[in-house]
Amino acid sequence: MAEWTRRRLLATSATVAAAATLPRAASGQAAAQPKPGGRATVAMSAATETVDPHFSRSQVARNVLMHMCETLVTIDERGSAQLQLAEELAISPDFKTFTFRLRKDVPFHNGKKMTSEDAKRSLERYARVSPEKARLANVDRMTTPDASTLVVELKSSMPSWIELIKSPASPMTIIPAEECDKDANQVRPISTGPFSFVDWDGVTQLHGRRFADYAPNKAYAGRDGYGGRRQAYLDEITFAVASEASGRVAGLQSGQFDILDEVPVQAAARLAKDERFKIYEQTKRSINVVPVNVQRAPTDNLLVRQAIQAAIGQEEAMAIAAEGAFALNPSFVYKDSEFYPAEANRLIYNQNDPARAKALLAEAGYRGEEIVILTSGDIPSLQEVAVVIAEQLKSAGMKVRLDVLDWPGANARRNDPTTHNLFSTAYAIQPLLGPFQYQRLFSGPSNWSFYKDDKAMEDAWQKLLSATSKEDQRSAWQDIELRVNNQVQQIKIGDRNLNQATKSSITNFVPYDGIRLWDIWYS
């Protein structure tokens, strides 16, 4: 059967039914008979900052919440849009009206059956509290003709709208309508997923249990990305924070942990020799990046930003941060992406040129003003990149201070442009899903560079979002990448791979963007 892809959406407007998107089981589906029961504990390097699905925005939060949460549209194994709580989608020829027909008899974790009113109210709350609320900025109105139909009307034509709402980064989770008047961080993750939320201590541990009344999507053959036919076999799941890599590895060896989300290269090599464990290589896990604050001095001066860009040697930073498991790449999408810029050679990258940096600083009139690099010590690669580039900047004559916080603290401080100049972080889902996922990070009032007026950037984004051909989309994305690069609004460091580990008794585990505890069981 035909697969629903972005190309199909751009080529025609038609009714898109789940039956027309029926995939084969994802690669790695095991033939072994599933065995229900048991519990699994996942060791993560950092804590989730929230359990409010509409307010989440990190890989860590996604690792946890995607077990409990579901959306109208999600992503498959390749990152393409896939219907989840919607069983049918009709798109008007002008790409302004999107009509979702919802699956029936889908229960929430509190026992209530989902209706179109829940979907409408959930999207309205998302537009009010989510860090990614820009995805819904073009919505004019939403109506519910009946209990199973949600109609979303846009202010202007947007062929790419499904690309915006499919993202699991701050997912557009459907929650009960009665929860939707609550402010950010005031709701529990009550949704329709295969596991239900039990409790969270606020930092170190979060517990969930198998949702006995879960309604799997029978239109699909098996697990597929964050969608497909999801099935929970484990009775209980726990997400535990173990910030030190050595502690995570020791915990797996002692039996304290069952799955490790991030294993250092040398430790993975040792564990691979032990038949009690399995090692999985996850390629294209994330990209290391450094958003640059263009409001706070001295990085409010473009020449200073260009000096920073000239001083940084990405290869040296990634060699240390990724233990050799990396690829140099100047783009914010992966090299095999259909959106990889045709003129990527124009992107300034991996200069490691302190002499040029010093010349630019002299031209800027730099007088030793402090440059503050913010990062998190909970995620070692972020801190290691920060340490390396701090030394590179010092070698070029800059005064640098490194502020290292826990992950929730660094995330919170990042929102304040008065506190830092550079933020060493990583993007996980964005490079996989492509250009549309960068909207909030690169443009609009909440952009991560804190620019207030960049007409060239905003025009390029408008061109991308309204494009009706792949050629126009690629052209607009290249304009965006070049603008980010020549204005030094964000600095790409490199593409990073990592290893994950499980006990050998865990069956049917397949690496993905986040840890998936559905469709796995103990042999």
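Tutor: Begin with burial: a residue is called buried when its relative accessible area is under 20%, and exposed when that is over 50%. Keep in mind that this is a predicted model.

Student: Is Ser381 buried or exposed?

Tutor: Ser381 has 3% relative accessibility, so it counts as buried. The residue lies in helix H10. Beyond its neighbours up to four places away in sequence, Ser381 touches Asn288, Ala321 and Arg496.

Student: Ala321 belongs to helix H8 (residues 314-321). Which residues of H8 are buried?

Tutor: The general idea comes from helix geometry. An α-helix makes a turn every 3.6 residues, so residues three or four places apart point the same way. In H8, the buried residues are Gln314, Ala317, Met318 and Ala321. Viewed down the helix axis, they fall within an arc of 90°, so they line one face of H8.

Student: What covers the buried residues of H8?

Tutor: The cover includes strand S15 (277-291), strand S16 (326-327), H10 and strand S21 (490-503). Just after H8, Glu323 has a positive phi of about 50°.

Student: How many residues of strand S17 (residues 370-376) are buried?

Tutor: In a regular strand, side chains alternate between the two faces of the sheet. In S17, six of the seven residues are buried, so this strand is largely enclosed by the rest of the structure.

Student: Which strands does S17 pair with?

Tutor: One partner is strand S18 (residues 399-405), paired in the parallel sense over seven bridges. Within that pairing, Val372 stands opposite Arg401. The path from S17 to S18 goes through helix H10 (residues 380-395), forming a right-handed β-α-β crossover. Another partner is strand S19 (residues 422-423), which runs parallel to S17 and is joined to it by two bridges. There, Ile373 faces Leu422.

Student: Which residues touch the most other members of the largest nonpolar core?

Tutor: They are Leu72, Phe100 and Trp161, in a core of 60 residues. Helix H14 (residues 455-466) contributes the most to this core, with five residues. At least three core residues come from each of domain 1 (39-244 + 504-522) and domain 2 (284-497).

Student: What is Trp161 in contact with?

Tutor: Leaving aside neighbours within four places in sequence, Trp161 contacts Phe98, Phe100, Arg135, Leu136, Val139, Val152 and Leu154. A second, separate core has 37 residues, among them Ala40, Ala169, Tyr226 and Phe509.

How values were computed:
Residues are numbered from 1 along each chain as its sequence is written. This is a predicted model: local features need pLDDT of at least 70, side-chain atom pairs count only at pLDDT 80 or more; totals for chains, interfaces and linings use all residues. Side-chain values use heavy atoms; hydrogens and water are left out. A nonpolar core is a set of buried Ala, Val, Leu, Ile, Met, Phe, Trp, Tyr and Cys residues joined through side-chain atoms within 4.5 Å. Buried means under 20% relative accessible area, exposed over 50%, partly exposed in between (1.4 Å probe, protein chains only). Helices (H or I, at least four residues) and strands (E, at least two) are DSSP runs, numbered from the N terminus. Domain bounds come from an automatic or database domain assignment. Contact means heavy atoms within 4.5 Å. Two strands pair if DSSP finds at least two bridges between them. A crossover is right-handed if, with the strands pointing away from the viewer, the path from the first strand over the helix to the second runs clockwise. The arc is that of the directions from the helix axis to the C-beta atoms.
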